[in-house]
Amino acid sequence: MLTLLFFLAILPQSCYGRIHHHRFVVKSSSYTRLCSTKNILTVNGIFPGPTLKANRGDTLIIKFYNQAEYNITLHWHGVKQARNPWSDGAAFINQCPIRAGKSFTYKIQLTDEEGTIWWHAHIGWARATIHGMIIVYPVNGQNYPFRKPYAEIPILLGEWWKKNVMEIEENANKTGGEPILSDAYTINGQPGDLNPCSKQETFRVEVEQGKTYLLRIVSAIMDENVFFAIANHKLVLVGTDGFYTKPFETDYIMITPGQSMDILFEANQPITRKYYLAARAYSSAIGAGFDNTTTTAILHYKQTAKRNLISPSPLFPSLPHYNDTRASTEFTSNFKSLASKDHPIEVPLKIDTRLFFTVSVNLLNCSGENPCDGPYGKRFSASVNNVSFVPPKIDILRAYYYNVSGVFGRNFPENPPKKFDYTGENLGDEYLTPDFGTRVLVLEYNASVELVLQGTNVLASDNHPVHLHGYGFYVVGSGFGNFDSEKDPLGYNLVDPPQETTVGIPNNGWVAVRFRADNPGVWLLHCHLERHQSWGMSTVFVVKNGDTAQSQILPPPSDLPSCSD
């Protein structure tokens, strides 16, 4: 009966779209990379996972079966899940995990998403191998807001570890140090021919001279921002996170974990050469380790000339240096919403809820006799507004919906408990240790929210990619140093700010976003660097119901996973 009620509830939203049914089976599969073979978690035996395709306004029904030995959830990154937080998939936030041998049906209602988004596991490090792309095309009969490309090329950026990724978090927790670094980055699951035992399997793209192509790029990378480019080919950004942007030309992109981008390029170079697609790290945190390898794919032209006329060595693109914050900023500062008649935006102008969140990497004393592997013999931690998030035993959404007491507190601070020089040098030890708790911040339905995300230099600054579930927000401003509430808003872009679901906080800087809290439910806000999320750099918004039936959370599905053993 609950399932019937659910479908009746979403019917008015989806009556103009199709319903697509898919079967996802998570299981262990054998894969060989970097000269060694191991078992990894996959969906339907595929790595990267299946690509889902739909049109704007369609509905996806995913019947999920867990045939692995680990508990799993799936998140549909970039999908708002209007009124349906039950299918958002964040473990212990929206649901308890799907246990081995169990199943669950995810219902994904597309609304105004259009472009490239993605899906991934949302528990521990499982998303390192459990992830895939979602391509949302315009409504049937409508066109792209740019010239239709000749073809599209999906590009999934990822990482590969020789060791079992499902043990990384546990092992790091034992030592208190950083998780082990990946052994290679990947393009569509392949490290590329600069890495050992990888030449034959390197991903290859064939293009035709004079044609325009659409790159659909997703960063499923766990722990690093990266620069990406194609040798001798200009790139034109036309979309981010399922929203269209004003086109702008660039030689490279900087993409954070969790982000997706739509990129046009014209195949206009000599056909006698090959060209590398390449990505490598952008790592701005001083002293932090990072994978300094380069992943590659190869672009060649379809032509009638003999193959031996093609140069054997592909040309390599000019990528910014690993710590080139200037290059990162120059790229992201060009983002603007399309803001056209067919793709309008609604930036909240009158704000009634102002929030200021600091994000910090922290340290804790070790509980044992031996020192930990973090700086000064301590243990790594992380926080938002000096609160390190503690996952509950049952999911927050269930506790909120059924009024279960003792699961979470409603006292997450709207501002930092202590004001200090957030990006200053040599900050005192009193800022190193956070509080702990499972706290949420409650928002009134339809509130106009401005959230300033402030990076700190408590232990070390970084470019933090922050993802908000359930919403697409407008990035109205950003800068370096400490946010100035009097001066910095004067420079806000309130005309055509980019709309995103994941945004990078500049290294030792801040970013301001705005959104209208019109999607009732329980929604996670977290850093998409997995090590930071695992250390506690997360918090939760609870958005209250509105007054009408169409502004309230849908009833829970009948097959919601159990939280009991």
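This is a predicted model: local features need pLDDT of at least 70, side-chain atom pairs count only at pLDDT 80 or more; totals for chains, interfaces and linings use all residues.
**Exercise 1.** Describe the surroundings of His-233, and name the residue whose side chain makes a polar contact with the side chain of His-233.

*Solution.* His-233 lies in the loop between strand 13 and strand 14, and with a relative accessible area of 3% this loop residue is buried. Its side chain makes a polar contact with the side chain of Tyr-301, at 2.9 Å. Residues up to four places away in sequence being left out of the count, His-233 also touches others, among them Phe-265, Glu-266, Tyr-275 and Leu-299.

**Exercise 2.** Which residues of helix 3 are buried, how are they arranged around the axis, and which residue caps the N-terminal end?

*Solution.* In helix 3, residues 325–332, the buried residues are Thr-325, Ala-327, Ser-328 and Phe-331. They cover an arc of only 160° around the axis, and therefore they lie on the same side of helix 3. The elements that cover these buried residues include strand 13 (225–230), strand 15 (243–250), strand 17 (260–266) and strand 27 (473–480). At the N-terminal end the cap is Asp-324, which has a side-chain oxygen 3.3 Å from the backbone nitrogen of Arg-326.

**Exercise 3.** Where are Tyr-402 and Lys-418 placed, and what is the relative accessibility of each?

*Solution.* Tyr-402 is in the loop between helix 4 (396–401) and strand 23 (435–437), and Lys-418 is likewise in the loop between helix 4 and strand 23. Tyr-402 has a relative accessibility of 47% and counts as partly exposed; Lys-418, at 48%, counts as partly exposed too. Turning to the surface, Tyr-402 forms a nonpolar patch with Tyr-401 and Val-404, and together these residues have about 270 Å² of accessible area. For Lys-418, the contacts beyond neighbours within four places in sequence are Glu-430 and Tyr-431, while its C-alpha atom is separated by 8.7 Å from that of Asn-385, 33 residues apart along the chain.

Note on methods. Residues are numbered from 1 along each chain as its sequence is written. Side-chain values use heavy atoms; hydrogens and water are left out. Patches are made of residues with over 30% relative accessible area and no salt bridge: like charges are joined within 9 Å, nonpolar side chains (Val, Leu, Ile, Met, Phe, Trp, Tyr) within 5 Å. Accessible areas come from the Shrake-Rupley method with a 1.4 Å probe; for residues, only the protein chains shown count as cover. A salt bridge is a side-chain nitrogen of Lys or Arg within 4 Å of a carboxyl oxygen of Asp or Glu. Helices (H or I, at least four residues) and strands (E, at least two) are DSSP runs, numbered from the N terminus. Buried means under 20% relative accessible area, exposed over 50%, partly exposed in between (1.4 Å probe, protein chains only). The arc is that of the directions from the helix axis to the C-beta atoms. Contact means heavy atoms within 4.5 Å. A polar contact is a pair of N or O atoms within 3.5 Å; within protein, one must be able to donate a hydrogen and the other to accept it, and residues adjacent in sequence count only if both atoms are side-chain atoms.
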